[in-house]
Amino acid sequence: MGDPVRIIHVSDTFAPVMGGIETQVARLATQQAQVGHDVTVLTAAMADPTKGVPCSVGDGLVFDDEDAQPYTVVRSQWQNPFGAPVDPHAPGRFIEYIRAQKPDAVHVHLGELTPVAMAVLAALKDGDTPTVASVHCIWSKFPTVPLYRGGAKLLDLYDAPILWLPNSELTATRVRQVVSPDRVRVQNNSVDPAGWKTEPVPHDGLVAVTATRFALRKRVPALLRMLREVGEQLGLNGAGQRPRPLLVVVAGEGPGLKAAQSYLDRRGMSGWVELPGRLSKDALVELYSRSDIYLAPSVKDAFSISGLEARAAGLAILTRSQSGFGAAVLDGIEGRAVPTDRAMAAVLVEWARDPADVARYKDHNQAVEMPYSWKNALPQIERAYKDAAALHLSRM
């Protein structure tokens with residue numbers, strides 16, 4: 001990247017909550033700090049949400065331990081009985097902080113409903129600070145798109161000098177319904193491929209994995225129903241078959257985990273479908289080293305970070321084609337992107353019976369580095385900051 005710059009990220013939520021937005025913001029901030037930039041993250045997320053009612057400290061802004069990460073984290077806190085990142089004081093505090101710090105760029109991060117980030121955008125639009133807005137999810141047709149469209153008109157954001165960076169082309173289709181298409185540029189999620197590269201470990205049969213949250217949007221129940229069909233066709237359900245032609249590992253946690261285990265037990269699938277809970281990065285890398293296929297059944301993932309990690313690890317990809325991630329998978333080269341759950345089940349059965357295609361996809365994915373890496377993304381993001389600065393200058 002170019003000369004060091006001062007960057008402030010704004011995100012309603014952040015660590016210790018670690019979903020897709022939080023993960024991508026943390027990794028982007030880390031990457032930028034490691035190449036020499038001065039990076040700060042402003043967030044309304046509490047450092048310890050289990051405490052429930054934090055007390056405001058000083059002006060309400062609390063700094064994390066400086067040794068915890070290579071960037072600065074500043075949290076807005078108030079007496080919130082729910083422990084959630086819903087803070088009516090945060091926008092004003094953040095704007096005051098930004099104006100005092102005079103950064104070279106402000107990078108705002110939006111999800112489905114992120115009121116703090118939107119309020120900061122509205123306040124910055126008439127200032128002289130270059131501003132970009134990453135959109136990390138596919139905004140729902142209702143109520144999010146109409147709500148944001150109305151807000152953009154009310155707050156004069158439609159053609160404001162803000163560069164919008166949706167994380168996939170699918171995400172961009174909704175953003176263009178809210179703001180001027182001229183202000184929209186796709187900036188895909190990224191990972192560090194070297195951190196996920198594995199040395200394959202020999203194993204019997206095929207191993208298919210996914211790393212997910214047991215939440216509605218991730219479609220874990222649909223995945224389990226799909227696997228039940230696969231098990232019936234391969235004679236796995238209730239059979240205790242050894243050696244097994246297929247083992248499936250669904251890693252992750254969430255409110256649906258207990259129900260998922262109950263489903264497997266009732267259907268006789270526990271012998272070949274495992275639910276180990278949430279795994280650390282090191283544990284995932286070790287799992288991927290003895291795996292063959294990554295399953296991505298969600299149709300609402302804007303651009304799956306876990307899918308990118310698995311692709312970087314060299315696994316063959318099996319995904320629904322409707323998601324932002326599925327649209328980016330090279331069908332027939334990196335794996336398969338198919339239109340229905342039934343088609344996913346059929347492909348998995350076919351692969352279990354004849355794994356030749358899986359071996360071919362793995363060979364390609366282990367030999368060819370995917371383009372969604374930080375070394376490619378960081379120069380693109382720096383260019384976005386410069387282009388956002390040009391938008392402000394054109395308004396003067």
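This is a predicted model: local features need pLDDT of at least 70, side-chain atom pairs count only at pLDDT 80 or more; totals for chains, interfaces and linings use all residues.
Let me begin with helix 2, which covers residues 90-101. At 1.5 Å a residue, its 12 residues should span 16 Å, and since the C-alpha atoms at its ends do lie 16 Å apart, the two values agree. The buried residues here are Ala90, Pro91, Arg93, Phe94, Ile95, Tyr97 and Ile98, and among the elements that cover them are strand 1, strand 2, strand 5 and helix 3.

Now to its partner, helix 3, residues 115-124, which packs against helix 2 at an angle of about 45 degrees, the axes being 9 Å apart. That angle makes helix 2 oblique to helix 3, and the crossing is right-handed. On the helix 2 side, the residues that meet helix 3 are Ala90, Pro91, Phe94, Ile95, Ile98 and Arg99, while helix 3 contributes Val116, Ala119, Val120, Ala123 and Leu124. Sorted by class, this contact has 10 nonpolar residues, one charged residue and no polar ones.

Finally, let us turn to helix 6, residues 220-234, where 15 residues at 1.5 Å each should span 21 Å, in agreement with the 21 Å between its end C-alpha atoms. Its buried residues include Leu223, Leu224, Met226, Leu227 and Val230, and what covers the buried residues of helix 6 includes strand 8, strand 9, helix 7 and helix 11. Helix 6 is followed by Gly235, whose phi is also positive, near 70 degrees.

Note on methods:
Residues are numbered from 1 along each chain as its sequence is written. Side-chain values use heavy atoms; hydrogens and water are left out. Axes are lines fitted to C-alpha atoms, for helices over the stretch in contact, and angles run from 0 to 180 degrees between N-to-C directions. Helices (H or I, at least four residues) and strands (E, at least two) are DSSP runs, numbered from the N terminus. Angles under 35 degrees count as roughly parallel, over 145 as roughly antiparallel, 65 to 115 as roughly perpendicular and the rest as oblique. A crossing is left-handed if the near helix is turned anticlockwise from the far one by less than a right angle, and right-handed if clockwise. Contact means heavy atoms within 4.5 Å. Ala, Val, Leu, Ile, Met, Phe, Trp, Tyr, Cys and Pro count as nonpolar, Asp, Glu, Lys and Arg as charged, and the others, Gly among them, as polar. The expected span of a helix is 1.5 Å times one less than its number of residues. Buried means under 20% relative accessible area, exposed over 50%, partly exposed in between (1.4 Å probe, protein chains only).
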